[in-house]
Amino acid sequence: GQTEQVLDEQLKSLVGPDASKFGNLLIAYEPVWAIGTGKVATPEQAQQAHAFIRQRIAAMFGENLAQSLPILYGGSVKPDNAASL
C-alpha cells in the first residue's frame, strides 16, 4: 500500500540533472516485496507503478521525456509470465 509513496521518494533523486542528458536513461521497477522472493507483481500492479513513474517524470521533466522514457518491470519475469508483463 506504499508503492506510490516509495516511488515518489526514489524519483526525487533525479531532481537536479539536466533532462537533456537523459537520452540514454531508462528506469527499471521491481517492488521491494518481490526482490529475491520469486513473487511477481500482477500486470495491473506493474502498469499502475509504471503509469505513476511516467506521471512523475512528466511533472519533473516534461511530457516529451516522460513519453519517450523506457520503463521496465524487472521482477521475476519468466517464460510463463513474460507476455502478460
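I searched the whole structure for aromatic pairs, meaning rings of Phe, Tyr and Trp (its six-membered ring) with centres within 6.5 Å, and I found one. The pair is formed by tyrosine 29 and tyrosine 73, whose rings are 6.1 Å centre to centre with 55° between the planes, and I noted it as tilted, since planes under 30 degrees apart count as stacked, over 60 as edge-to-face and the rest as tilted. I also noted that the pair links distant parts of the chain, with tyrosine 29 in strand E1 and tyrosine 73 in strand E2, 44 residues apart.

Before going on, I wrote down that this is a predicted model, in which local features need pLDDT of at least 70 and side-chain atom pairs count only at pLDDT 80 or more, while totals for chains, interfaces and linings use all residues. Residues are numbered from 1 along each chain as its sequence is written, and side-chain values use heavy atoms, with hydrogens and water left out.

Are the two tyrosines buried or exposed? Tyrosine 29 counts as buried because its relative accessibility is 8%, and tyrosine 73 counts as buried at 11%; buried means under 20% relative accessible area, exposed over 50%, and partly exposed in between (1.4 Å probe, protein chains only).

Next I looked up histidine 50, which lies in helix H2; helices (H or I, at least four residues) and strands (E, at least two) are DSSP runs, numbered from the N terminus. Histidine 50 is buried, because its relative accessible area is 13%, and its contacts (heavy atoms within 4.5 Å) include Tyr29 and Tyr73, along with Ile71 and Leu72, not counting residues up to four places away in sequence.

I then turned to H2 itself, where the buried residues include Ala46, Phe52 and Ile53, and found that its buried residues pack against helix H1 (3–11), strand E1 (27–29), helix H3 (63–68) and strand E2 (71–73). After H2 comes glycine 62, with a positive phi near 105°.

Of its 20 residues, Leu14, Ile27, Ile53 and Ile57 touch the most other members. H1, E1, H2, H3 and E2 each give two or more residues to this core, and the largest share, seven residues, comes from H2. For leucine 14 I listed contacts with Phe22, Ile27, Ile57, Met60 and Phe61, again not counting residues up to four places away in sequence.

Definitions and conventions
A nonpolar core is a set of buried Ala, Val, Leu, Ile, Met, Phe, Trp, Tyr and Cys residues joined through side-chain atoms within 4.5 Å.
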